[in-house]
Amino acid sequence: MIKYEKVYVSVEIKVDTQGYENLLSLEWEDGRIFFIDKTLSERMSPPAHVGAVLTKRYDVVIEGRERTLYRETTTNRWFVEKQLII
């Protein structure tokens with residue numbers, strides 16, 4: 001059975017003069033830094049596996065692999081869904 005947990009992460013963002021956000025990197029819970037190569041899309045969407053308040057979903061490429069980040073709109077906290085194998 002596969003379960004998921006919500007893991008809050010730190011995200012480094014650069015906002016340009018037009019107000020656009022460019023996601024640069026995320027810091028995992030153990031302190032490792034992962035650089036975000038590209039943002040593929042962003043939209044309002046609930047998390048796929050864990051419950052949450054209203055979220056904005058970011059589909060990104062990290063080290064050549066597609067990943068999903070979420071930002072809670074009410075708290076402005078960032079998280080990922082971490083897969084647990086039970």
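Analyst: Strands here are DSSP runs of at least two residues marked E, numbered from the N terminus. Serine 45 sits in the loop between β3 and β4. Bear in mind that this is a predicted model.

User: Why is serine 45 called buried?

Analyst: Buried means under 20% relative accessible area. Serine 45 comes out at 15%, so it counts as buried. Leaving out residues up to four places away in sequence, serine 45 touches Thr55, Arg57 and Tyr70.

User: And what makes glutamate 63 exposed?

Analyst: The cut-off for exposed is over 50%. Glutamate 63 has a relative accessible area of 56%, so the label is exposed. Glutamate 63 belongs to the loop between β4 and β5 (65-72). Setting aside residues up to four places off in sequence, glutamate 63 touches Phe34, Phe35 and Asp37.

User: How far apart are the C-alpha atoms of glutamate 63 and serine 45?

Analyst: They are separated by 24 Å, with the two residues 18 apart along the chain.

User: Which residues have the most contacts inside the largest nonpolar core?

Analyst: That core has 14 residues, and the ones with the most contacts inside it are Val9, Leu23, Leu26, Trp28, Val60, Leu69 and Trp78. Two or more residues come from each of β1 (2-15), β2 (21-27), β3 (33-44), β4 (55-62) and β6 (78-85).

Note on methods: Residues numbered from 1 in each chain as written. Predicted model: local features only at pLDDT ≥ 70, side-chain atom pairs only at ≥ 80, totals over all residues. Heavy atoms only, no water. Core = buried A, V, L, I, M, F, W, Y, C linked by side-chain atoms within 4.5 Å. Buried < 20%, exposed > 50% of the residue type's maximum accessible area, 1.4 Å probe, protein only. Helix = DSSP H or I, 4+ residues; strand = E, 2+ residues; numbered from the N terminus. Contact = heavy atoms within 4.5 Å.
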